[in-house]
Amino acid sequence: MSGLSACAKNRELLSQVVQKLDEITDLSRKQAEARNNGEPDRATELDQRLDLIFAQKERSVGAWQEHVREHGC
Ligand SMILES: [Zn+2]
């Protein structure tokens, strides 16, 4: 899994993983803010969105790993 030999598809899939991680970081921060600001409803809503994004992130990681396995890049 050398970064140097990664093909374009590999980099595309990996960038999707990074994008989801960024969204998770962003939502986590917003959720912490909502908690600190005494907005439990908003915190709960953000929590549910985090669950969704986390599942999407897991799928992105799975797609990337599958590509690496099949393509050997
Ligand atoms: Zn590849």
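Helices α1 and α2 are roughly antiparallel to each other, a description applied to angles over 145 degrees. The axes of helix α1 (residues 8-36) and helix α2 (residues 40-71) cross at roughly 165° and come within 9 Å. Here an axis is a line fitted to C-alpha atoms, for helices over the stretch in contact, and the angle, from 0 to 180 degrees, is taken between N-to-C directions. The model is a predicted one, in which local features need pLDDT of at least 70 and side-chain atom pairs count only at pLDDT 80 or more, while totals for chains, interfaces and linings use all residues. Residues are numbered from 1 along each chain as its sequence is written.

The crossing of α1 and α2 is left-handed; that is, the near helix is turned anticlockwise from the far one by less than a right angle. By class, the contact of α1 with α2 has 16 nonpolar, 7 polar and 9 charged residues. Asp, Glu, Lys and Arg count as charged, Ala, Val, Leu, Ile, Met, Phe, Trp, Tyr, Cys and Pro as nonpolar, and the others, Gly among them, as polar.

The chain as a whole contains 2 helices and 0 strands, where helices (H or I, at least four residues) and strands (E, at least two) are DSSP runs numbered from the N terminus. The chain is more spread out than a compact globule, because its radius of gyration is 16 Å, well over the 11 Å that the globule rule gives for 73 residues. The radius is taken over C-alpha atoms, and the rule is 2.2 Å times the number of residues to the power 0.38. Along its principal axes, the C-alpha trace spans about 50 × 20 × 15 Å.

Of the contacts in the chain with a separation of 6 or more, 70% are between residues 24 or more positions apart; a contact requires C-beta atoms, placed from the backbone, within 7 Å. Buried residues make up 4% of the 73 residues. A residue is buried if 20 or more other C-beta atoms lie within 10 Å of its own, exposed if 12 or fewer, and partly exposed in between.

Individual residues illustrate these classes. Leu-52 lies in helix α2 and is exposed, with 11 other C-beta atoms within 10 Å. Leu-52 and Ile-24 are 28 residues apart in sequence, and their C-alpha atoms are 9.8 Å apart in space. Gln-19, in helix α1, is partly exposed, because it has 14 C-beta neighbours inside 10 Å. Gln-65 belongs to helix α2 and is partly exposed, with 13 other C-beta atoms within 10 Å.

Definitions and conventions: Two residues are in contact if their C-beta atoms, placed from the backbone, lie within 7 Å. Angles under 35 degrees count as roughly parallel, over 145 as roughly antiparallel, 65 to 115 as roughly perpendicular and the rest as oblique.
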